[in-house]
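Colleague: Before we go into any detail, could you show me the model and take me through how its helix packing and its sheet are to be read?

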Amino acid sequence: LYHHVTSPLDLKGLKVLEVGSGRGGGSSYISNYLNPTEIYGIDISPTAVAICNQIYNKNNLFFKVGDSENLPFEDNTFDAVINVESSHCYGNMEKFLNEVKRVLKPDGYFLWCDLRAGKDRELISNQFQNSGLEIVQEKDITKNIIIALDKMSKKRKSAIQEKVPFPIRKIFESYAGVKGSKIHNSFINGNLIYLSAALKKLY
């Protein structure tokens with residue numbers, strides 16, 4: 001997923017920000033394989049950031065606490081901002097996009113993917129159009145996500161059955177998108193869609 005999201009831009013030698021870095025796996029992947037000069041991962045959770053700083057020890061990888069709607073960086077700081085499966089949790093998408101534009105350098109890229117309610121496809125497209133960033137590409141990758149979930153379902157379900165108490169297994173299975181779960185079925189019937197996009201700051 002991270003490889004797909006970052007594919008519109010070669011990150012080698014660039015200064016990169018991931019907003020919503022969580023447990024740090026995505027930022028670590030970018031650090032290891034896509035060769036940015038620096039990558040910063042920010043997350044609203046101090047616990048997640050502390051864990052990342054304990055686990056990862058790389059010269060070009062940094063984690064800090066930060067709010068998506070008030071990014072703790074100066075204007076024109078980054079060549080790319082990455083946001084993977086996080087923005088659906090934000091209170092104000094427009095404010096987040098304003099912050100993305102602020103911290104991007106001219107000609108910098110915003111690389112994004114996330115799930116949305118099927119009825120909100122036009123809303124997110126309008127938010128991008130009104131962001132002041134140029135839309136380079138928008139894609140519906142729901143079919144790809146369904147295929148990926150199907151391939152991972154057996155392993156995920158087995159892990160949940162092994163480690164999660166029976167009364168709450170269904171909740172975990174839905175969160176993990178296991179085949180037959182509520183989330184998985186929502187992608188199948190169109191109640192949920194999965195989108196990716198690349199936008200560029202022109203000035």
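Modeller: Let us begin with a helix pair: Met93, Glu94 and Leu97 of α4 are in contact (heavy atoms within 4.5 Å) with Ile124, Gln127 and Phe128 of α5. The residues of this contact comprise four nonpolar, one polar and one charged, where Ala, Val, Leu, Ile, Met, Phe, Trp, Tyr, Cys and Pro count as nonpolar, Asp, Glu, Lys and Arg as charged, and the others, Gly among them, as polar. This is a predicted model, in which local features need pLDDT of at least 70 and side-chain atom pairs count only at pLDDT 80 or more, while totals for chains, interfaces and linings use all residues. Residues are numbered from 1 along each chain as its sequence is written, and side-chain values use heavy atoms, with hydrogens and water left out.

Colleague: At what angle do helices α4 and α5 pack, and how far apart are their axes?

Modeller: Two packed helices are described by the angle between their axes and by the distance between those axes. Here α4 (residues 93–103) and α5 (residues 121–129) pack at about 35 degrees with axes 10 Å apart, the axes being lines fitted to C-alpha atoms, for helices over the stretch in contact, and angles running from 0 to 180 degrees between N-to-C directions. Helices (H or I, at least four residues) and strands (E, at least two) are DSSP runs, numbered from the N terminus.

Colleague: In which order do the strands of the open sheet lie?

Modeller: Strands of a sheet pair through backbone hydrogen bonds, either parallel or antiparallel. In this model seven strands form an open sheet with mixed pairing, in the order β3-β2-β1-β4-β5-β7-β6, and two strands count as paired if DSSP finds at least two bridges between them. Its edge strands, each pairing on one side only, are β3 (61–65) and β6 (134–140).

Colleague: How many bridges join β4 to β5?

Modeller: Strands β4 (residues 78–84) and β5 (residues 104–117) run parallel and are joined by six bridges, and Ile82 stands opposite Leu111 in β5.

Colleague: Is β2 mostly covered or mostly open?

Modeller: Strand β2 is mostly covered, with five of its six residues buried, that is, under 20% relative accessible area with a 1.4 Å probe and protein chains only. Strand β2 pairs in the parallel sense with β1 (residues 15–19) over five bridges, with Val19 opposite Ile42. Five bridges also pair β2 with β3 in the parallel sense, and there Tyr40 has Phe62 as its bridge partner. Helix α3 (residues 46–55) lies across β2 (38–43) and β3, running at about 160 degrees to β3.

Methods. Buried means under 20% relative accessible area, exposed over 50%, partly exposed in between (1.4 Å probe, protein chains only).
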